[in-house]
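Take a look at the chain below.

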Amino acid sequence: MNNSKILKRSSINYDKNHSINISETIFPDEICKQCGRCCIVHAYEDYEGEKMNVVYCKHLNLDTKRCNIYKERFHTEKGCLSMMEAILVKALPKDCPYVAHVEHYQEPKIYEKIRNSKKDVRAINED
Ligand code: SF4
Ligand code: SF4
């Protein structure tokens with residue numbers, strides 16, 4: 001039996017709020033071009049294959065491409081990522097200014113599909 005006493009236990013926990021705060025310091029908002037593409041949830045061609053439907057987060061204003069809940073987005077929309085998280089999970093298009101100069105950054109295929117689509121692109125909000 002180990003008789004040594006544990007005086008103080010320390011552990012490393014993931015703190016989302018801390019990550020958000022650090023992310024805002026490293027990646028200032030001013031760099032964003034407000035294209036709205038990082039708020040795309042998914043994209044698909046419709047049944048007849050005539051349109052490319054691009055589905056955005058329900059909180060994105062499709063006209064201005066601005067978030068309707070920007071200040072409280074991380075608390076209201078659990079799936080909303082800080083910039084640091086978005087870079088790590090490769091959620092951004094490769095020409096986004098936050099990653100355009102990041103070596104070895106790979107965008108997800110969805111952006112290429114939308115970019116290369118010959119169909120009319122229709123922007124819609126998630127249900
Ligand atoms: S993809 Fe990049 S530039 Fe476009 S809205 Fe997102 S962070 Fe801003
Ligand atoms: S909640 Fe997040 S993903 Fe949704 S529109 Fe706002 S910034 Fe984009």
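## Overall fold

The protein has four helices and five strands. These are DSSP runs (helices: H or I, at least four residues; strands: E, at least two), numbered from the N terminus. In order from the N terminus, the elements read α-β-β-β-β-α-α-α-β. The protein is more spread out than a compact globule, because its radius of gyration is 19 Å, well over the 14 Å that the globule rule gives for 127 residues. That radius is taken over C-alpha atoms, and the rule is 2.2 Å times the number of residues to the power 0.38.

This is a predicted model: local features need pLDDT of at least 70, side-chain atom pairs count only at pLDDT 80 or more, and totals for chains, interfaces and linings use all residues. Residues are numbered from 1 along each chain as its sequence is written, while chains are lettered from A and ligands numbered from 1 in the order in which they are written.

| Property of the protein | Value |
|---|---|
| Box of C-alpha atoms, along the principal axes | roughly 70 × 30 × 30 Å |
| Residues that count as buried, of 127 residues | 11% |

Buried means 20 or more other C-beta atoms within 10 Å of a residue's own; exposed means 12 or fewer; partly exposed lies in between, with C-beta atoms placed from the backbone.

Now the loop residue. Ser117 sits between α4 (109-116) and β5 (120-125). Ser117 counts as partly exposed because it has 14 C-beta neighbours inside 10 Å. Its C-alpha atom is 25 Å from that of His104, 13 residues away along the chain.
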